[in-house]
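Me: Could you walk me through this protein with me asking as we go? I'm new to this, so please take it slowly.

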Amino acid sequence: MATEGSVKIVYDEKSLNDGSADEPEILAVLGYKQELKRNRSLYTLLFQSIAIAALPFGEGGPLLSAVYGGGQLSIFVGWIMILFLASSVALSLAEIASRYPTSAGPYYWSYQLADGSSRTLLSFINGWVWLIGNWTITLSVNFGLASLITATAAIYHPDFTAEPWQLLLIFYAILLVSFVICAFGNRFLPMVDIICAGWTAVSIFIIFIALSAKAASGRHSASYTLGNYDTSLSGWGGFTFCIGLLPAAYTFSAIGMISAMAEEVHDPTIKVPQAMAYSVPVLWFFGLFFVIPICATLPPLLDITEAPGAQALPYIFHTVMGTPGGGLGLMFLVLVVTLFCSISITVAASRTTWAFARDDAMPLSSLWSKVNRGLGVPVWALLLVTVVQMLLGLINLGSTSAFTAFVSVGVQALQVSYGIPIALSLFHKRTQVSQARWKLPSIVGIVSNVVALCWIVFEVVLFSMPTALPVDQTTMNYASVVLMGFMAIAAAWYIIYARKERPYDAPYRLG
């Protein structure tokens, strides 16, 4: 390899598999040199995963989809189902992350697991899909926070509707706050993730107690709480339940982004897969204490569809608590969780950008791959993540449907980038992951891979569907079109420029 982050391969691959190599040696085996400070542990990595999922925001932000998806049954049963579905993805990725513990993530894994001359093109395309997924899912969090802030203001001013330019300014303010914290507070970020995990747990407990105790709009029976199912709102008929899975699926969609932190944690061949594997059951358990009181006190579904700003959570909290102050108090907890999420997911996205640039796969790669030695942060990559979001945010001024497509494509792009290495590993009979230090028993791994791939395919379809029928130009979901457009542009960029004019410096081939 010829990039700034590359080194001559000195150590043999056996040291990677048997755990005898230290962190710089591991990176040397993988084809890179140590540039970032390893200041994270298993617990801070796990807490960052929790911060990225941002449970009250991840489930609560898109909760309106579950309302259209039938209500309580979709919310509760969907949460039960997601434990097994998300776990299968997390476990499948964890094995591969243990085998190849680098911030390059899925595109590096794809190159190592593929055969033949096509692996470079496959790695390049998956790298761009992975990059776009990171950028747009981060965009969805930051813009979602801006939308929740304006919807929270409507608790006190029901007639208030934020103008697009007002929403954009709030969005920009959030981006700038996250940029400053991520750029200048890197040594404090592990502590920020710990605080976020504690804040999230306490917030869920407070929400659980407050909703259960107050229940100003009434408490439902157990059968209604867990089984109410209204198919009249979405127009999807029997498919309505699947629409209701969107919030739970969104919550766990970015679980693989923690792989971007592999070069900042000690003993990454064990700690990264452990953080991935543990995060799903931990989040799921705490999520029960969030979704059950919501199901038990949910106002009439039709009323929720009229919530200001199309944000169900502030309306639900306000209605259930019975006072604006009560609703604001609970929303304050959620907004802080989401701000923590903004910081953690921005860090992960910046590391993904830096790693991809390190392999010379982007225009101006030499700039984006620079690490500021004083701050210990790839500041230019962080700036690029911020500027890309700012530019995409401008789309909302002209077309909300077009902007929604860019936001929705985040989940699809991440799932596709996960699916490619999982499918390659399974196709090659899991020979590479069988050498990983952290791995599943053979039959468990095969089942997890198959379930993960089925779920990923379904998610890509699910996030292509409009929430309700009939559709028009403004309600149509164009996410799949945007995703295919990105993939086509990536392929064209490789053929026209990266392959000929400036050869893509593909990851070093192990084995």
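Reply: Let me begin with a term: a residue counts as buried when its relative accessible area is under 20%, as exposed when it is over 50%, and as partly exposed in between. Please also keep in mind that this is a predicted model.

Me: What's up with the peptide bond from L469 to P470?
Reply: That bond is cis, with an omega near -5°, and P470 has its place in the loop between helix 22 and helix 23.

Me: Switching topic, how many salt bridges does a search of the whole structure find?
Reply: The search finds six of them. As a general point, side chains of opposite charge can pair when their charged atoms come close.

Me: Which side chain meets R373 in a salt bridge?
Reply: That is the side chain of E35, with a distance of 3.6 Å from N to O. R373 lies in the loop between helix 18 (365-368) and helix 19 (379-393), while E35 lies in the loop between helix 2 (23-30) and helix 3 (42-53), so the pair ties together parts that are 338 residues apart in sequence.

Me: Are R373 and E35 buried or exposed?
Reply: R373 is exposed, with a relative accessible area of 56%, whereas E35 counts as buried at 10% relative accessibility.

Me: What about R40, which residue forms a salt bridge with it?
Reply: R40 pairs with D193, and the closest N and O atoms are 2.9 Å apart. This pair links distant parts of the chain, since D193 belongs to helix 10 (residues 189-214) and R40 to the loop between helix 2 and helix 3, 153 residues apart. D193 counts as buried at 3% relative accessibility, and R40 counts as buried at 1%.

Me: Which residue does D267 form a salt bridge with?
Reply: D267 forms one with R437, and here the closest N and O atoms are 2.8 Å apart. D267 is in the loop between helix 13 (246-251) and helix 14 (268-297), and R437 is in the loop between helix 21 (400-427) and helix 22, so this pair also links distant parts of the chain, 170 residues apart. Both are partly exposed, with relative accessible areas of 25% for D267 and 32% for R437.

Me: What is the phi of D267 like?
Reply: D267 has a positive phi of about 50° although it is not a glycine. R430 is not a glycine either, and it has a positive phi of about 60°; R430 is found in the loop between helix 21 and helix 22 and counts as buried at 7% relative accessibility.

Me: Back to helix 2, how many of its eight residues are buried?
Reply: Six of the eight are buried, and helix 2 is therefore described as mostly covered. The buried residues are E23, I26, L27, A28, V29 and L30, and the helix is followed by G31, whose phi is positive, near 105°.

Me: Which residues make the nonpolar surface patch?
Reply: The patch, of about 750 Å², is made by W165, L169, W380, L383, V387, L391, L394 and L397. The elements that give two or more residues to it are helix 9 (164-184) and helix 19, with helix 19 giving the most, four residues.

Me: How do the axes of helix 9 and helix 19 cross?
Reply: Their axes come within 10 Å and cross at roughly 175°, which means that helix 9 is roughly antiparallel to helix 19. Among the residues that meet there are F171 and L175 in helix 9, and L382 and M390 in helix 19.

Me: Last one, where is H220, and what is it in contact with?
Reply: H220 has its place in the loop between helix 10 and helix 11 (222-227), and at 25% relative accessibility it counts as partly exposed. Leaving aside neighbours within four places in sequence, H220 is in contact with Q72, T225, C295, A296, T297 and L298. H220 and A296 are 76 residues apart in sequence, with their C-alpha atoms 5.2 Å apart in space.

Conventions:
Residues numbered from 1 in each chain as written. Predicted model: local features only at pLDDT ≥ 70, side-chain atom pairs only at ≥ 80, totals over all residues. Heavy atoms only, no water. Salt bridge = Lys/Arg side-chain N within 4 Å of Asp/Glu carboxyl O. Buried < 20%, exposed > 50% of the residue type's maximum accessible area, 1.4 Å probe, protein only. Patch = residues over 30% accessible without salt bridge, like charges linked within 9 Å, V, L, I, M, F, W, Y side chains within 5 Å. Areas by Shrake-Rupley, 256 points an atom, 1.4 Å probe, with all protein chains shown as cover. Axes fitted to C-alpha atoms, helices over the stretch in contact; angles between N-to-C directions. Parallel < 35°, antiparallel > 145°, perpendicular 65-115°, else oblique. Contact = heavy atoms within 4.5 Å.
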